[in-house]
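Please work through the following exercises with the sequence and the structure at hand.

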Amino acid sequence: PQSVAVPGATLDSLSRADTDGWALFADGTIELTDRMSLSLGIRQQEEDLVTGALQPAIAAPALPGSDPAGDDFAHLGWLNNFSDSFDSFTWRAALQYQFTPEIMGYVGYSEGFSAGGIAIPNLPYPDVPTQIPYEPETLENFEIGLRADWADGLVRTNITAFRGSYDDIHVTNYIFTRCDGFPNCDGPLTQL
């Protein structure tokens, strides 16, 4: 494994984000027979995102936990801005069957959505991007389950098997540089 150095100073990226959104949804259940029902749901949503980074007016504190040398929210204006809109139509369906009054089984499909965006590190290293965009996250989920009461209701089992398939899943990651104190960006890999 490769060791990494950690800088001795903290950095405040002064990144800001504003999100506005709305969603409309409907969900209902249809009784197909006295034992079988079908649940259906739909959702339409939209999110508007504005984000950016501000240029700090003061230096970051030298040590974690120490006070900055002035107003830590003071800035000299925007360094960059980003805005985008994300929308999605998702749906779900579940078929449920009541085998006995105590045992019910179901199969289902559902979709999920999380808007994309952009990370703005605002770090003073030439090998670190100013903006790191990311796509919306989507999910397709397949599920099968069995619910049962046993021993006159004293024992309940809820068994579920599911498989989710993500596209563009959002995860937290680390940013590294080779430029910390090295003007030619040939220094050790340093985690920021």
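This is a predicted model: local features need pLDDT of at least 70, side-chain atom pairs count only at pLDDT 80 or more; totals for chains, interfaces and linings use all residues.

Residues are numbered from 1 along each chain as its sequence is written, and side-chain values use heavy atoms, with hydrogens and water left out.

**Exercise 1.** Determine how many salt bridges the whole structure holds, and describe them.

Step 1. A salt bridge is a side-chain nitrogen of Lys or Arg within 4 Å of a carboxyl oxygen of Asp or Glu. The search of the whole structure returns two.

Step 2. One joins Arg-92 to Asp-27, with 2.9 Å from N to O. Arg-92 lies in strand β3 and Asp-27 in strand β1 (residues 15–31), so this pair links distant parts of the chain, 65 residues apart. Strands are DSSP runs (E, at least two residues), numbered from the N terminus.

Step 3. Arg-156 pairs with Asp-149, their closest N and O atoms being 2.7 Å apart.

**Exercise 2.** Classify Arg-156 and Asp-149 as buried, partly exposed or exposed.

Step 1. Buried means under 20% relative accessible area, exposed over 50%, and partly exposed in between (1.4 Å probe, protein chains only).

Step 2. Arg-156 is exposed because its relative accessible area is 60%. Asp-149, at 24%, is partly exposed.

Note on methods
Helices (H or I, at least four residues) and strands (E, at least two) are DSSP runs, numbered from the N terminus.
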